[in-house]
Amino acid sequence: MSEHSIGSNPTIEEDLVALQMHMHHYRSALNDRGIWLFLATLGCWSVENAHMQILAFLITFYLFFIQLTESQKDKRTAPSLVAAVKDRIAKADLDDKSRNKYLFDLKALEREIFSLNLTTFRNALPFFLPWLFFGISFVLFFANRLALLASQS
């Protein structure tokens, strides 16, 4: 991957490759963190004290939410990264054929980045399933606590 920030590589081709690599590494990192979130959620359930369990869930949520936002060197969102490359293409001194080729390549990359199809979902299961498990666990934890409080009164 290029050492330059997306939008400032020596060539537009390198920007396109850097954007593709950035998204690949970002999604891979999310999947890795999903596995750790699953294990941390299981750990939350092993805490016996209810107050400490709430704290464990909140800390787990905080740590993994922060990792989602801070997992890449380039902190810009995917749409802003695409916009940086698009802006570079627009400002570059290119003939129409080259400009159209780069815009076509960028559009294909955008479809790959932003598509929500079965393949995208399947590839992201190691990320989505642990978050789903965490959310269900959190809701069940509070439902169980409310049921316990209701039965005691």
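Modeller: The following account concerns helix α3 and its packing against helix α1. The model is a predicted one. Helix α3 has 14 residues and reaches 20 Å from its first C-alpha to its last, close to the 20 Å expected at 1.5 Å a residue. Within α3, the buried residues are Ala78, Leu81, Val82, Ala84, Val85 and Ile89. These residues lie on the same side of α3, because they cover an arc of only 155° around the axis. The exposed residues Ala90 and Lys91 are carried on the face turned away from that buried side. The cover over the buried residues of α3 includes α1 and α4 (96-114).

As regards α1, which spans residues 12-46, its axis and that of α3 (residues 78-91) come within 10 Å and cross at roughly 170°. An angle over 145 degrees counts as roughly antiparallel, and α1 and α3 are therefore roughly antiparallel to each other. On the α1 side, Ile12, Asp15, Leu16, Leu19, His22 and Met23 take part, and they meet Ala78, Leu81, Val82, Val85, Arg88 and Ile89 in α3. By class, this contact of α1 with α3 has nine nonpolar, one polar and two charged residues.

Leu19 counts as buried because its relative accessibility is 0%. Neighbours within four places in sequence left aside, Leu19 is in contact with Leu81, Val82 and Val85, and also with Ile6, Leu106, Leu109 and Ile113. Gly7 is twelve residues from Leu19 in sequence, and their C-alpha atoms are 9.0 Å apart in space.

Notes
Residues numbered from 1 in each chain as written. Predicted model: local features only at pLDDT ≥ 70, side-chain atom pairs only at ≥ 80, totals over all residues. Heavy atoms only, no water. Axes fitted to C-alpha atoms, helices over the stretch in contact; angles between N-to-C directions. Helix = DSSP H or I, 4+ residues; strand = E, 2+ residues; numbered from the N terminus. Parallel < 35°, antiparallel > 145°, perpendicular 65-115°, else oblique. Contact = heavy atoms within 4.5 Å. Nonpolar A, V, L, I, M, F, W, Y, C, P; charged D, E, K, R; others polar. Expected span 1.5 Å × (residues − 1). Buried < 20%, exposed > 50% of the residue type's maximum accessible area, 1.4 Å probe, protein only. Arc of directions from axis to C-beta.
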